[in-house]
Amino acid sequence: MAKVFVYDADENRMMSYNLNENDPMPYSYGSTLKVREFRGSSNAQVLWTTTRAMECWNLTRRRFGQGIPVGYAFKRIWEGGHGTTSQHYAGVSFDVGQRLSSAKRRELYNLARSLGVWGYVEPISMTPTWVHFDRRYGKPACGGSSGYPTVRRGSKSTYVLVLQDALNALGYGTQTLDGVFGRNTETALINFQRKTNLGADGICGCNTWKRLAGMVVGIGRTRTVIDR
């Protein structure tokens, strides 16, 4: 059984579902993406994604017309396995096609690029045995086209879930894991910023994301992780 959060950016609404491993992911097309497939190698009991990521998956799967094997999709930031501000931790990134032939992978890559719905499709030269696409959202706090957006009190998103998850793993308890940036999350963030000699403004921007992610990625499950 897994708890799955789904963020709807159009309505700024966070939804949650309790699902079995073989249940389809919320908002996914038919049974083309099951919870266990989205989970991949993650051992966490709480997962998250967005309606937009699922809509992009649906269109890609329909147009491709056959199964798309998923190698890696979701990861909790303390589980690691990806870069410091990977979109996998935000639940909007997919590494797929590992069991397809090279010709089929190229077909899938070309399709993903032509659809124009994915925010980023990694060049095939960088992914020789898989296809990477993601539906990131928000303006990156550090500029450029990657990384996480600034979040502050009142924010609601899967990036807030990443922030809460990271703070909890490091022992700065937010009291909850819900994707809603409230008073407790702000207090935990200010405590982290003070401890790490950052400006203690309670806003998670470029410098705070860098410090936080650099400290938490891949440290493993700690006793203060919230996973329920």
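Keep in mind that the model is predicted.

Let's begin with the whole chain. It contains six helices and seven strands, and along the sequence they follow the order β-β-α-β-α-β-β-α-β-β-α-α-α. The chain's radius of gyration is 17 Å, close to the 17 Å that the globule rule gives for 228 residues, so the chain is as compact as a globular protein of that length. If you are setting up a view, the C-alpha trace spans about 50 × 35 × 35 Å along its principal axes. Buried residues account for 51% of the 228 residues. Among contacts between residues at least 6 apart in sequence, 56% join residues at least 24 apart.

Next, turn to helix α4, which covers residues 158-169. Its twelve residues reach 16 Å from the first C-alpha to the last, close to the 16 Å expected at 1.5 Å a residue. How many residues of α4 are buried? Twelve of the twelve are, so the helix is largely enclosed by the rest of the structure. The buried residues include Val-160, Leu-161, Val-162 and Leu-163, and also Gln-164, Asp-165 and Asn-168. What do they pack against? Their partners are the strands β1 (2-8), β2 (13-19) and β3 (46-50), together with the helices α5 (183-195) and α6 (206-216). Ser-157 caps the N-terminal end, with a side-chain oxygen 3.1 Å from the backbone nitrogen of Tyr-159. Following the helix comes Gly-171, with a positive phi near 95 degrees.

Now for the aromatic residues. A pair of aromatic rings is described by the distance of the centres and the angle of the planes. In this model the count comes to twelve aromatic pairs. In one of them, the rings of Phe-38 and Phe-74 have centres 5.9 Å apart and planes at 25 degrees; the angle is under the 30 degrees used as the cut-off, so the pair is stacked. This pair links distant parts of the chain, 36 residues apart: Phe-38 belongs to helix α1 (residues 35-39), and Phe-74 to the loop between β4 (70-72) and β5 (93-96). Phe-38 is buried at 0% relative accessibility, and Phe-74 is buried at 1%.

Both rings belong to one aromatic cluster, formed by Phe-38, Trp-48, Trp-57, Phe-74, Phe-94, Trp-118 and Phe-133.

Finally, two backbone details in the loops. Asn-12, in the loop between β1 and β2, has a positive phi of about 50 degrees although it is not a glycine. Tyr-27, in the loop between β2 and α1, is another residue other than glycine with a positive phi, near 70 degrees. Are these residues buried or partly exposed? Asn-12 is partly exposed at 37% relative accessibility, and Tyr-27 is partly exposed at 38%.

Notes
Residues are numbered from 1 along each chain as its sequence is written. This is a predicted model: local features need pLDDT of at least 70, side-chain atom pairs count only at pLDDT 80 or more; totals for chains, interfaces and linings use all residues. Side-chain values use heavy atoms; hydrogens and water are left out. Helices (H or I, at least four residues) and strands (E, at least two) are DSSP runs, numbered from the N terminus. The expected span of a helix is 1.5 Å times one less than its number of residues. Buried means under 20% relative accessible area, exposed over 50%, partly exposed in between (1.4 Å probe, protein chains only). Contact means heavy atoms within 4.5 Å. A polar contact is a pair of N or O atoms within 3.5 Å; within protein, one must be able to donate a hydrogen and the other to accept it, and residues adjacent in sequence count only if both atoms are side-chain atoms. Rings of Phe, Tyr and Trp (its six-membered ring) pair if their centres lie within 6.5 Å; planes under 30 degrees apart count as stacked, over 60 as edge-to-face and the rest as tilted. The radius of gyration is taken over C-alpha atoms; the globule rule is 2.2 Å times the number of residues to the power 0.38.
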